[in-house]
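Hi everyone, thanks for coming along. Let me put the structure up on the screen, and then I'll walk you through a few places in it.

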Amino acid sequence: MLRELTYKGVLTYKGVYRSDQDNILEDFYLPTLSHAKQYDRAVGFFSSSTISCAAQALSIFVRNEGKIRLVLGAFTEIEDIEAVKQGCDSREFSEKIGEEMLIRISQVNDELFQNRFETLAWLVAHGYLEVKIALRAHGMFHDKVGIISDEVNDKVVFAGSANETTHALLPTHNFESINVFKTWIPEQAEFYGPHIDSFSRLWLNEIPSTLVLDIPTAVNEKLLSIASLMNYTPDPEIELEIAKRVQRRAIDQKASAPEKPYLPNLIDGNPFEIRSHQKKALNAWKDDGGFKGTFDLATGSGKTITAIYAIVKLSKNIKNFACVIAVPYQNLADQWVDTLKKFNMYPLRCYVSRNRWENKLSSIVHELSLGSRNFAIIVVVNRTLKSPEFQKHLKRIRGDKLFWIGDECHHHTTKAYEGFLPDNARFRIGLSATPMHYIDEERNERLNDFYGNVVFRYSLREAVNDKVLTPYLYYPHIVELISVEADEFILLSEKIGRLLTRQHGEMKEMPAQLTALLMKRARLIGMAKNKLRTLKQILENQKPTQHTLFYCGDGAVETDTYHDEFDANITERKRQIESVSTLLHRFSWKVSHFTAEESRKDRNNILENFRLGIIDAMVAIRCLDEGIDVPACSTAYILASSRDPRQFVQRRGRILRRSPGKEHAIIHDFIVILPEGFDAKSNYAKRLIQSELARVAEFSSLSENCSEAYIALAPVLKAYDLEHKIS
């Protein structure tokens, strides 16, 4: 029975299996399925990797004589689905999908895939396996869930991605993980229950947004034909040996041959093609900047892919070529590494522990200098970048062979990075959705001096119009400061204004006194008491919604040394984030914090649970501001934004990224103003609110419900003479 199964000698299952720590095939699938009498599996859109994923360890069922129900996703047009729903014969439509599937199957020449496809054929022919196809009118069916049941109806439910492709088998390649839940543990019911119910309704074609059809005849006949020609009975030992052989072969190939970057035909199952605005950016970088320049690209519009495309092209023409990518955070570095792998690039990770990278970096640089290595790629976080150990090796790379990429390049414009950026680098790209600082001109000059001028801009308006980003609904919520807060706000604004006036034209770096005042005002705005009251009013009319972000304030000012300031204000920060979390729990939301205080491992688990819908929401502070991809996010409550427009631009970019099945995003923005009728004698305070409202007006004007947003904003815009901003 499933509940008696041991995991490496212990009577239990792991809660999470990760490919960097576990052999998911041997440690989970084979032992668990050996006790199964029924296996329900949904594996996302159709491809060779999902077929391989669906069939992993199914050879064990040849011995068990269990029953399997498999759901595969497929692409289609909305017109086809509507025709079937209106009563048209589905056979022609089904066979069209079947022909497309057979074409894809015939193009795969992979030993592990062929073995597993033959196992599927044997199971279908002997009546142990039923297959259905799931179609969606918008996006694609993308579920990845499995339900394993034993003879006493205990179940193990797992969710996540664990493809057994060659790349997934290698720890140096794709990172895969699954979350596991057991039905004999009642406390896990809220996690496994929805998956069991969802699959049952999916199989019965009872999910309104999804159409489920029987396997196309052509595919079924292909499976029966293969089964009739098989001269062996599928066996798990054969499958395991093939998997090991594929892994050994891939490791040997990787060890014996240098990596050569290339442009893939598919990324995540979708045809890869660089977009028009990305081509224009690269052409401007080459023609106008002479291979130097900054890209001002709307968050979510593909700046990472744009830069990687340049790496691939340059690597073909330059021998002994090195690329160094510098990023601010480890999570962002991990995302770069994962994306680079899709282009056959496996970078050295210069972060976490120096012992893991220093000797390897020394060898790589030495091989480049000798000419024995043709290509090298390195990902480094900013903290490591400034270390003596990294700098020693960076300075040894020939400048005419060096491509330097600074992601969120505005971080490199503080004096803290003087002398640490490679002035000899022949090729340079600075990436940011917000490259220019809103106050500090000295920082802007340093950006231009090192990375070059902004050679290409791609705005949010263009990205939404081009359907690069998701359309959105925008709901502004006006929050008035209480009287005491308003008095302090005006006092701080006057002090800030006077300092800026004195510094005008000669501010080389933001003074410490100015930074402290800006932080104090940011905390005041972020912690405004009426925000929580407004949020409560909104949530009273809302059910818990999956894939939701709640952004709280930290009171920090963007200086790249904010971590010390961040820690100094821990009590105030905790007060707001805990207040928001408590309120959400009261309304039955399942939430996790996502802040600098969570460990890297915990943050990875939180992001995965968020993606899978195990938790409804993340309550975040700053950590999600830059670079971290959460495309599944469809709703956000922006409770606090700093004065720096950079933060708001980054945050809305997190929300507008496209994701399968995501038709639009919803943004709730909390805007602080002075109380109605409050005698604001300070022009500084008034100008600040005007600036904030101008940003809000611009963002609302791009929304799908701009007229509704205007109604909410109109009285305030009129009071501050800003009606023209939203016309």
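C706 is partly exposed, with a relative accessible area of 35%. To be clear on terms, buried is under 20% relative accessible area, exposed is over 50%, and partly exposed is in between, with a 1.4 Å probe and protein chains only. C409, on the other hand, is buried at 0% relative accessibility. There are 0 disulfides in the structure, a disulfide being a pair of cysteine sulfur atoms within 2.5 Å.

Two housekeeping sentences before I go on. This is a predicted model, in which local features need pLDDT of at least 70 and side-chain atom pairs count only at pLDDT 80 or more, while totals for chains, interfaces and linings use all residues. Residues are numbered from 1 along each chain as its sequence is written, and side-chain values use heavy atoms, with hydrogens and water left out.

Now the chain overall. We have 27 helices and 23 strands in the protein chain; these are DSSP runs numbered from the N terminus, with helices being H or I of at least four residues and strands being E of at least two. The chain has 727 residues, and 57% of them count as buried. Among the chain's contacts with a separation of 6 or more, 79% are between residues 24 or more positions apart, where contact means heavy atoms within 4.5 Å. The accessible surface is about 31,500 Å², and carbon and sulfur atoms hold 48% of that; the areas come from the Shrake-Rupley method with a 1.4 Å probe, and for residues only the protein chains shown count as cover.

Let's move to helix 27, residues 706-719. Its 14 residues reach 19 Å from the first C-alpha to the last, close to the 20 Å expected at 1.5 Å a residue. That expected span is 1.5 Å times one less than the number of residues. What does helix 27 do at L713? It bends there by about 55°, and a proline, P715, follows within four residues. The bend is the angle between axes fitted to the seven residues ending at a residue and the seven starting there. L713 is also one of the buried residues of helix 27, along with A709, A714, V716 and L717. Just after the helix, D721 takes a positive phi of about 55°.

Buried here are H277, Q278, A281, L282, A284 and W285. Seen down the helix axis, these buried residues fall within an arc of 160°, so they line one face of helix 11; the arc is that of the directions from the helix axis to the C-beta atoms. What covers them? The cover includes strand 11 (292-297), helix 12 (303-315), strand 15 (402-407), strand 16 (427-432) and strand 17 (454-458).

For another helix, look at helix 20, residues 512-526, which reaches 21 Å, close to the 21 Å expected. Helix 20 is mostly covered, with 11 of its 15 residues buried, including R521 and R523.

Back to strand 15 for a moment: the loop between it and strand 16 holds E408. E408 has a positive phi of about 50°, although it is not a glycine, and it counts as buried at 1% relative accessibility. S588 is another non-glycine with a positive phi, about 70° in this case. S588 sits in the loop between helix 23 (570-586) and strand 20 (591-594), and at 55% relative accessibility it counts as exposed.

I'll finish with some pairs that are separated in sequence. L348, in strand 13 (residues 348-350), is buried, with a relative accessible area of 10%. L348 and V379 are 31 residues apart in sequence, with 6.2 Å between their C-alpha atoms. Leaving out residues up to four places away in sequence, L348 touches W357, K360, L361, I364, I377, I378 and V379.

K155, in strand 6 (residues 155-161), counts as buried at 17% relative accessibility. K155 and Y39 are 116 residues apart in sequence and 9.4 Å apart, C-alpha to C-alpha. With residues up to four places away again left out, K155 touches residues including L2, F181, W184 and I196.

Last, V246 in helix 10 (residues 236-256) is buried at 6% relative accessibility. V246 and D110 are 136 residues apart along the chain, and their C-alpha atoms are separated by 9.1 Å.
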